[in-house]
Structures are given as structure tokens and as C-alpha cells.
Amino acid sequence: MKCTVSTGLLLLGVLAVGAVQGASFNNTFPDGFLFGTASAAYQVEGAWNEDGKGESIWDHMLHVHPDFVVDGQNGDVADDSYHRYKEDIAILKELGANFYRFSISWPRIMPTGEANNINQAGIDYYNKLIDELVDNGIQPMVSMYHWDLPQWLQDLGGWTNPIITDYFEDYARVLYENFGDRVKLWVTFNEPATFMTGYTSERGMAPSIFKPGVGDYLTTHHLLIAHARAYHLYDEQYRATQQGKISITLSSSWEEPLTNSTADAIASERSMQFVLGIHAHPIYSKEGDYPAVVRERVDKNSKAEGRTRSRLPVFSKEMVEYIRGTYDYFALNYYTSHLVTEMDTGYDPSIERDCYVARSFDPSWPESSSVWLRVVPWGLRKLINWIHKEYDGPEIIITENGVSDRGTLDDQSRVSYYTSHLAEILKAIHEDGCNVGGFTAWSLMDNFEWLRGYSERFGLYSVDFSDPARPRTAKASAQVMKEIFHTRQLPEQANVRGSKSIS
Ligand code: PNW
């Protein structure tokens with residue numbers, strides 16, 4: 001197993017910090033550790049129909065159903081980053097970010113999603129954005145897909161149609177051809193576990209098609225193949241000259257057993273496999289394919305439902321091999337944790353029912369402005385350790401971590417969230433020997449928070465959405481992150497918050 005720090009360095013660090021703090025907590029990030037912030041095209045760009053951009057599934061859904069969003073808003077203008085990207089880069093520079101994770105809007109460069117229909121103005125926009133980043137010494141990290149599928153492809157069935165893997169490979173080729181000379185960090189998909197829920201609700205994530213337990217598994221199956229195709233294409237045709245790294249961003253909660261019973265321990269492990277393993281195991285495990293417990297349960301339930309085949313499609317042996325190992329690092333989003341216990345929940349059929357656990361929060365975990373997000377920093381350390389053991393020590397880059405509030409400039413709860421989570425990452429690195437290579441704050445600035453509109457704010461910078469100029473203003477958290485990014489150390493005392501020893 002690889003470790004980020006040698007034992008010698010580790011000892012030196014512990015001694016140095018121990019002398020100051022009287023404890024063994026090492027508050028210094030290893031050399032080469034990268035700090036950045038993230039955003040996504042639909043959440044920040046605006047200009048939804050400018051300069052030849054095609055319609056995405058989010059444009060389409062929210063124009064037809066504005067009531068799906070709590071405040072009736074959409075991403076038509078958002079942060080207006082399409083026109084104000086230089087302001088975004090100025091604040092990234094102020095923060096001292098090493099990299100910026102942003103996503104490319106597929107329909108902005110390929111209005112229908114097809115490779116014979118390229119929108120040069122879209123290519124020009126991302127070239128300008130990338131050039132400006134590089135000129136300012138900020139590495140671009142590009143997500144190919146952060147949920148804004150061209151509507152034209154949705155009309156063909158979107159992620160439920162296997163033909164999508166051909167279209168995605170074409171799209172990846174256009175990206176490598178146009179941007180691969182300067183983009184060295186790629187992410188194929190952002191959070192499959194979140195966007196597959198576009199097929200589990202009538203008014204949820206786009207496209208809001210209600211086919212739980214079927215549409216979400218088809219999406220999973222096809223995006224894993226699409227990911228592998230993009231990876232192999234890079235390997236075969238671009239890696240030698242472009243020399244970048246590719247991954248897929250997976251989000252996971254830490255699934256803590258509700259009690260110390262054996263049944264809850266089993267439920268916790270099963271939940272980890274349904275939440276994270278379903279997308280991670282085919283790529284990162286030694287044997288590949290879906291986790292055994294996922295395969296078993298979905299097959300068993302499908303049979304009991306009188307079906308002729310499993311709702312979870314089956315990979316051929318060749319496809320298992322084709323997908324296995326298609327990563328250069330492990331890209332992880334972490335926001336929160338759950339307590340889990342065995343229970344029959346969810347629609348019949350659904351992934352919840354297949355997984356057979358109930359999830360809850362400990363009432364003592366601090367709340368945020370998002371109902372799904374409670375503050376559980378130690379969950380991140382446990383999650384990193386789980387990944388380290390389960391997948392044999394891959395380099396982990398945290399590609400999102402953050403918390404919501406209502407938008408105050410004096411955002412002390414965000415300061416505490418970040419410092420406590422960074423402290424847990426330092427413990428995972430220095431005390432547990434895990435290999436964590438970077439951290440990304442979600443988000444650079446307040447933006448369109450999907451179904452929560454502009455009512456929940458995740459930014460280090462505040463954005464005034466009532467002002468056409470969309471001014472960006474630093475919050476208290478921006479000042480603290482700036483200090484951390486510059487000193488590459490956590491301020492003293494930061495480690496005391498939210499700490500709980502790891503078992
Ligand atoms: C992520 N959950 O989504 C996305 O990548 C971002 O686009 C989004 O703005 C950010 O987190 C904050 O929501 C998530 O329910 C949505 O656990 C939901 C969950 C996790 C991540």
C-alpha cells in the first residue's frame with residue numbers, strides 16, 4: 001500500500017506539532033497536497049440559450065415545471081459565469097487555489113449531444129476559461145458530466161438507453177481533442193448515486209422519470225460502461241501525449257451502525273455497498289463487477305417479483321475486465337453520515353428496498369440549512385479508511401466537501417465545518433496512513449442549488465442574485481480557507497471540533 005508520507009517525515013511532523021500542541025495531532029498538509037474549489041456548469045454559468053447552446057435536461061425540466069424548485073428559480077442566469085468567468089478566476093487567485101474543478105456543459109459544445117454538431121462558440125468559451133486559469137497558475141480539473149444531459153439524448157431514453165455509451169465516448173473525444181493539451185485532471189461523472197435518482201422520482205432530479213429500482217440501475221450500468229469507454233479512449237489515443245489523470249467522482253455518506261449489534265454492523269456494511277460500492281466496486285476492486293451483496297439482493301428480489309431477469313443488468317466477463325481498473329485516482333465527495341439499521345423501507349421495487357436499511361441522524365449532530373446534511377466530520381475519516389482498506393490504498397482526492405446556510409457573510413458554521421473536516425483528513429493521512437492527495441471545497445461561490453434553488457448557500461463567496469452584476473463577496477470562510485491554502489496548515493485548535501476517536 002502506498003502512503004503519502006514516509007515514516008521519517010511523519011515523525012518529524014508529529015514532533016514539531018506535538019511540541020506546540022502537547023498532542024500528537026499533526027496540523028500540516030503533506031507536500032504536494034492540492035487545494036481547490038468546485039462548481040458545476042448548470043449551477044453557475046447561466047446563458048442557457050446563448051451563442052448556440054442546446055437545451056439540457058435541467059433547462060427543459062425547469063422551464064416546463066418551475067414548481068419543482070422550492071423558490072421557483074432556475075439556472076437560466078445563475079452566477080452568470082459564462083460572462084463573468086474572469087471574476088471567478090480572480091477570486092480563485094485571491095484564495096490561492098491550486099486548482100479549480102468545474103464542469104463542461106455537454107449541450108453547450110454539442111447542442112444535441114452528437115459529434116457532427118459542434119458549437120464552436122461553446123468550445124471558445126471553455127478555451128478562454130481554461131487559458132485564463134492556466135495563465136493564473138490554477139490547474140483546471142474538468143468534470144465531463146455534472147448532470148446537464150442534452151435534452152435531445154434524453155428524448156432517446158437518456159441513461160437508460162445503452163446507445164448513450166457511444167455518444168459519451170464521442171463527447172469525451174471532443175473534450176480530449178480540444179482541451180486535453182491543458183487539462184490534466186479529468187472526472188468523467190459527478191455523483192452517479194445522485195443523478196441516477198433522476199429515474200426514481202416524479203419531481204426530483206432531472207429528468208424526473210419515476211422508474212425506481214429499474215431506471216436507476218440501468219443508469220448505473222450504462223454510465224459505468226461510458227466511464228470505462230472514456231478512460232480507455234484516453235489510454236489508447238491521448239495519454240501518451242497529454243499525460244493526464246482520469247477518475248469518476250463518487251459521493252458517499254459514512255453509514256455508521258445504529259447500535260453495536262451484529263445485525264447493525266451487517267446493515268452498515270450492506271449500506272456502504274449499495275451507496276458507494278455499487279459504483280466503486282466495478283472500477284476499484286480487485287475482482288471488479290457489482291458488489292456480491294448488491295448482486296444477490298437485487299437478483300433475489302427481482303425473482304420474487306416474478307421477473308425473467310434481474311433489474312440490475314449483468315456485465316459480461318469481458319465487460320467486468322474492461323471496467324475494472326479504469327481509474328488514476330479515487331475522486332470522493334463527502335458531506336454527511338447516517339446511522340443505519342436493518343429495515344424494510346422504500347417503494348416496491350427500489351434500491352432502498354433492495355438495500356433493506358433505514359437511515360437516520362443522531363440528534364446530537366449539528367444541522368445545516370439542508371435537511372439531508374448534518375455535520376459529522378469523523379464520518380469522513382471513517383469513510384477514507386473504508387475506501388483505503390476496501391480498494392487497496394488508492395490515492396484519494398476529495399472532489400467536494402461543504403455545508404449550506406442561508407447566506408450570511410459571517411459564516412462561522414462553515415468555518416467550523418471546513419476546519420473540522422480538514423482535521424479528520426489530516427488524521428487519516430498522518431495517523432491512519434491513508435493516501436489523500438487533495439481537497440476541494442464545494443463551492444467557490446453561492447449558486448443554483450438544484451431543487452433548493454437559491455435558498456441554500458454553499459459558497460465561500462456570497463453572490464447577490466438580485467443584482468444583474470452578480471457581485472461576488474468574500475465570506476468569513478473565504479478568509480480562513482485562504483489562510484489554510486497559503487500556510488498549508490490548519491489553524492491551531494481547529495482539530496478539537498467534531499473529533500471522535502476512530503474504532
Ligand atoms: C452535490 N445527498 O450533490 C453536487 O455534486 C453538487 O452539485 C451540489 O450542489 C452539492 O453536492 C450540494 O448539494 C449532492 O443527498 C446532493 O447526500 C445530495 C447529496 C449529496 C450530494
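The entries below start with the ground rules and then go through what I looked up.

**Ground rules.** I am working with a predicted model, where local features need pLDDT of at least 70 and side-chain atom pairs count only at pLDDT 80 or more, while totals for chains, interfaces and linings use all residues. Residues are numbered from 1 along each chain as its sequence is written, and side-chain values use heavy atoms, with hydrogens and water left out.

I looked up the largest pocket and found a volume of about 1400 Å³. Of its 44 lining residues, Glu191, Ala193, Thr194, Thr197 and Trp372 are the closest to the centre. (A pocket is an open set of points on a 1 Å grid over the protein atoms alone, where a 1.4 Å probe fits, with protein on both sides within 12 Å along at least five of seven lines; lining residues have an atom within 4 Å of a point. The volume is the space filled by probe spheres set on the points, which are joined across faces, edges and corners.)

I sorted the lining by class and got 20 nonpolar, 15 polar and 9 charged residues. (Ala, Val, Leu, Ile, Met, Phe, Trp, Tyr, Cys and Pro count as nonpolar, Asp, Glu, Lys and Arg as charged, and the others, Gly among them, as polar.)

**Ligand.** I checked where the ligand sits: the space it takes is the largest pocket. (The test is that more than half of its atoms lie within 2 Å of the grid points.) I found 13 residues around the ligand, with Gln43, His146, Asn190, Glu449 and Trp450 the closest; a residue counts if one of its heavy atoms lies within 4 Å. This shell has 6 nonpolar, 4 polar and 3 charged residues.

I then listed polar contacts (pairs of N or O atoms within 3.5 Å). A polar side-chain atom of Glu449 is 2.5 Å from a ligand oxygen. For Asn190 the side-chain N or O atom is 2.9 Å from a ligand oxygen, and for Glu400 the distance is 2.9 Å. The ligand taken alone exposes 460 Å², of which the protein buries 82%. (Areas are from Shrake-Rupley with a 1.4 Å probe.)

**Backbone.** Most peptide bonds are trans, and most residues other than glycine have a negative phi. I noted a cis bond from Ala206 to Pro207, with omega near 10 degrees. Another cis bond joins Trp442 and Ser443, with omega about 20 degrees. Tyr356, a residue other than glycine, has a positive phi near 65 degrees.

Methods
Polar contact = N/O pair within 3.5 Å; in protein donor to acceptor, adjacent residues only side chain to side chain.
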